Each structure stands twice: as C-alpha cells, then as structure tokens.
Amino acid sequence: LSTIRLNMDLLAEDFAASDSPRDRRALRKVQLVQRECQRLEKMLDDFLNFANVRRLKLEAGDLNDVVRKVLDFFRPKAADARIEIVDYLASDLPIVMLDAEALHGALLNLLINAQQAMPDGGQIVLRTYSTAEGVALDIIDTGCGMDEQTQAKVFDVFYSTKPGGTGLGLPTARNIVEAHGGSISLQSELGRGTRFTITLPVPPRLPPADHRVST
C-alpha cells in the first residue's frame, strides 16, 4: 500500500506540471487513488492499534499527566474547529498503574470523536476525580448527541455513523481502558451532547517505581 501511494505521489507531481486537458484528467484520477490509499492506510493503522491493545506496559503514573499531554496536543486542533477546552483536574488524585502511551491514544480517540460531533464548534469539558475504587475522567461535549440505538452500538467493532469512518476508534479506546482493569461508559442525549466516563482502579499496593507489568 505504501508503494502504491508513493508512486501515485510521483505521478501526481508529473501531471501537476502539465496544462494539457488529458494530463489534468489523469491528475484527477491519480488524486482519487491517493485519497483511497489514505483511507486504507488509516483503516489499517486503526486495525493494528485495535489488535495490539493487549500489549501494555503498566507503571505507576498520574492520570492528570496523561490528560495534560493529550490536551497540549489536541488544543490547536480544537481551536481550529472553534471548540473551547475546559479542564478541571483534581489535585489529589491517587497514583494508578497505566500505560501512558496507550492511554494517550484512547483519550485522543475520544476527543476526536467529540470534535466530530460538533462541526459548528462547541465545548469539551474534561474532569478528573477520585472514586471509591480509584480514579475517573469525564469527557463531556456539547455536540449532537446520540440516540439509544447508536449508544447501544457505538463500541461495536466496525460500527460507524460517519462517512469513511473505520468504526475502530471507540472500540480501541474501550479495549485500552479495559486492559488497564478499568471501564468506560457513556451518557448521551440528542441535541445536548455526550459524556464518556473512564474509571481506573487503584491497586491495593503499588510496585516499586522501576517495576513494569506487561499485559
């Protein structure tokens, strides 16, 4: 697939330098193949991420640190989409066992999902807090919301309501959270928005700082 895309890129450069009607028609066809290659590459990446979720390396960490790093990455994209980011991160969260890179990917999937639900802009609120069993994170958007049928299927593999969607983003996020021993749930109302809640357990006894647990 990468070889096909590389050759299409080279062809596009050649045709773009020509003004002949024939070459312009050929360029449009090449660009169509380029877009299809991009779509297939994204689908393949999403599938590989979904398949490799269980290979986690857990270590003692702070959920707030992961949230801050995700927001640092996502804020420019949100600003371009006219989305306001508001965060309320508890200062006294207990340490949990987590794979920061994998969890970063799960949270980013949820934020992108929230952004796509607000094509005209809106607000995303992130809130962390302690629970009786561990820690929790709410991701709340003011988007279009979901009906009950969509809510029942949203974590199903390959289910998507978006044109060109792979239907793997939310299932991957759920698998990552569950591989941490946690859970993810949602509440949604059409026309008002959606709230995803992630919970992670606090282990009864944390291992030494340099200890790693592979799952």
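This report describes a sheet and the helices that accompany it in a predicted model.

## The sheet as a whole

Five strands make up an open sheet, in which the order is β2-β4-β5-β7-β6 and the pairing is mixed. Strands β2 (83–89) and β6 stand at the edges with a single partner strand each, so one side of each has no neighbour in the sheet. On average, and with direction ignored, neighbouring strands of this sheet are turned by 15° against each other.

## Pairing between the strands

Strand β7 (residues 193–201) runs antiparallel to strand β5 (residues 134–141), to which it is joined by eight bridges, and Phe-196 of β7 is found opposite Ile-139. Strand β6 (residues 183–189) is likewise antiparallel to β7, with seven bridges between them, and here Ser-185 has Thr-197 of β7 as its bridge partner. The hairpin of β6 and β7 has three residues between the strands, and in this hairpin Gly-191 takes a positive phi near 80°.

## Helices α3 and α4

Helix α3 (residues 63–80) packs with helix α4 (residues 100–116) at an angle of about 45°, and their axes lie 9 Å apart. Because of this angle, α3 is oblique to α4, and the crossing in which α3 passes α4 is right-handed. Among the residues that make the contact are Val-66, Val-70, Phe-73 and Phe-74 of α3, together with Leu-103, Leu-107, Leu-111 and Ile-112 of α4. Sorted by class, the contact of α3 with α4 comprises 13 nonpolar, two polar and two charged residues.

## Helices against the sheet

Helix α6 (residues 169–179) lies across β6 and β7, and the angle at which α6 runs to β7 is about 25°. This helix is mostly covered, since eight of its eleven residues are buried; the buried residues of α6 include Leu-170, Pro-171, Ile-176 and Val-177, as well as Thr-172 and Asn-175. Just after α6, Gly-181 takes a positive phi of about 80°.

Key. Residues are numbered from 1 along each chain as its sequence is written. This is a predicted model: local features need pLDDT of at least 70, side-chain atom pairs count only at pLDDT 80 or more; totals for chains, interfaces and linings use all residues. Side-chain values use heavy atoms; hydrogens and water are left out. Two strands pair if DSSP finds at least two bridges between them. Helices (H or I, at least four residues) and strands (E, at least two) are DSSP runs, numbered from the N terminus. Axes are lines fitted to C-alpha atoms, for helices over the stretch in contact, and angles run from 0 to 180 degrees between N-to-C directions. Angles under 35 degrees count as roughly parallel, over 145 as roughly antiparallel, 65 to 115 as roughly perpendicular and the rest as oblique. A crossing is left-handed if the near helix is turned anticlockwise from the far one by less than a right angle, and right-handed if clockwise. Contact means heavy atoms within 4.5 Å. Ala, Val, Leu, Ile, Met, Phe, Trp, Tyr, Cys and Pro count as nonpolar, Asp, Glu, Lys and Arg as charged, and the others, Gly among them, as polar. Buried means under 20% relative accessible area, exposed over 50%, partly exposed in between (1.4 Å probe, protein chains only).
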